[in-house]
Amino acid sequence: MLILKFLQTLIKALNSDGTPGQVGTGMALGLCLGLTPLVSLHNLVVLAIAMLTMVSFPGVMLGWAIAIPVGFALDPLFDRIGMALLTNDALAPFFTWVVNTPVVSLSRLNNTIVLGSLVVWLAVLIPAAFLFRVLVARYRVHVFARLEQLKLFQAIKASKLYGVYEMFRP
């Protein structure tokens, strides 16, 4: 069931009315939710940005789903990066301020994995957005165009069930 839900999200995001740039940027924002531990202040900020801007929200969910296993696999690397940053003497005043400021302390930047994963996500945010934009555009031109030519795809699209789906699609 989970695999079907993932495939449905994948197809919905890749074939949405949004431009490849909107879908790609949404996927890049979704990487934050998957790479970093979920209960953090910065994830709330990322969700707010995703909801208040013109990015594809299904793209955000797709990026999240893609990044969850990657995030778990890279946790040891995130831990090392976070530890290196937290033990850096030049950054000690900043982290003291973070821990002692009431709302900012909810960011959990004193956690090595949270800090390391956030830094890595910030480093790959713009390249990932461009990469996802190109991949979505190529998918729509090459793969989806071929899928539309398949007899099975045309039969499903011509069915009454698909017509009902289109009627209730937001």
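Mentor: Let us begin with the surface of this predicted model. Met-51, Leu-52 and Phe-57 make a nonpolar surface patch of about 350 Å².

Trainee: Why is Met-51 called exposed?

Mentor: Met-51 has a relative accessible area of 56%, and exposed means over 50%; therefore Met-51 counts as exposed. Its place is in helix α3.

Trainee: Why is Ser-56 counted as buried?

Mentor: The relative accessibility of Ser-56 is 8%, and the cut-off for buried is under 20%, so Ser-56 is classed as buried. Ser-56 lies in the loop between α3 and α4. Apart from neighbours within four places in sequence, Ser-56 is in contact with Ser-16, Gln-22, Val-23 and Gly-26.

Trainee: Why is the pair of Phe-94 and Phe-95 called edge-to-face?

Mentor: Two conditions are involved. Rings pair if their centres lie within 6.5 Å, and the centres of the Phe-94 and Phe-95 rings are 5.2 Å apart. Planes over 60 degrees apart count as edge-to-face; the planes here are at 65°, so the pair is edge-to-face. The structure holds two aromatic pairs, and Phe-94, Phe-95 and Trp-97 form one aromatic cluster.

Trainee: How do you know whether Phe-94 and Phe-95 are buried or partly exposed?

Mentor: Phe-94 has a relative accessible area of 39%, which falls between the limits of 20% and 50%, so Phe-94 is partly exposed. Phe-95 has a relative accessible area of 10%, and buried means under 20%; therefore Phe-95 is buried.

Trainee: Which residues touch the most other members of the largest nonpolar core?

Mentor: Of its 31 residues, these are Leu-29, Leu-31 and Trp-121. The elements that give two or more residues to this core are α1, α2, α3, α4, α6 and α7, and α7 gives the most, with 11 residues.

Trainee: With which residues is Leu-31 in contact, leaving aside its neighbours within four places in sequence?

Mentor: Leu-31 is then in contact with Gly-63, Trp-64, Ala-67, Trp-121, Ala-128 and Phe-132. In soluble globular proteins, nonpolar side chains tend to be buried together.

Conventions: Residues are numbered from 1 along each chain as its sequence is written. This is a predicted model: local features need pLDDT of at least 70, side-chain atom pairs count only at pLDDT 80 or more; totals for chains, interfaces and linings use all residues. Side-chain values use heavy atoms; hydrogens and water are left out. A nonpolar core is a set of buried Ala, Val, Leu, Ile, Met, Phe, Trp, Tyr and Cys residues joined through side-chain atoms within 4.5 Å. Buried means under 20% relative accessible area, exposed over 50%, partly exposed in between (1.4 Å probe, protein chains only). Helices (H or I, at least four residues) and strands (E, at least two) are DSSP runs, numbered from the N terminus. Contact means heavy atoms within 4.5 Å. Patches are made of residues with over 30% relative accessible area and no salt bridge: like charges are joined within 9 Å, nonpolar side chains (Val, Leu, Ile, Met, Phe, Trp, Tyr) within 5 Å. Accessible areas come from the Shrake-Rupley method with a 1.4 Å probe; for residues, only the protein chains shown count as cover. A salt bridge is a side-chain nitrogen of Lys or Arg within 4 Å of a carboxyl oxygen of Asp or Glu. Rings of Phe, Tyr and Trp (its six-membered ring) pair if their centres lie within 6.5 Å; planes under 30 degrees apart count as stacked, over 60 as edge-to-face and the rest as tilted.
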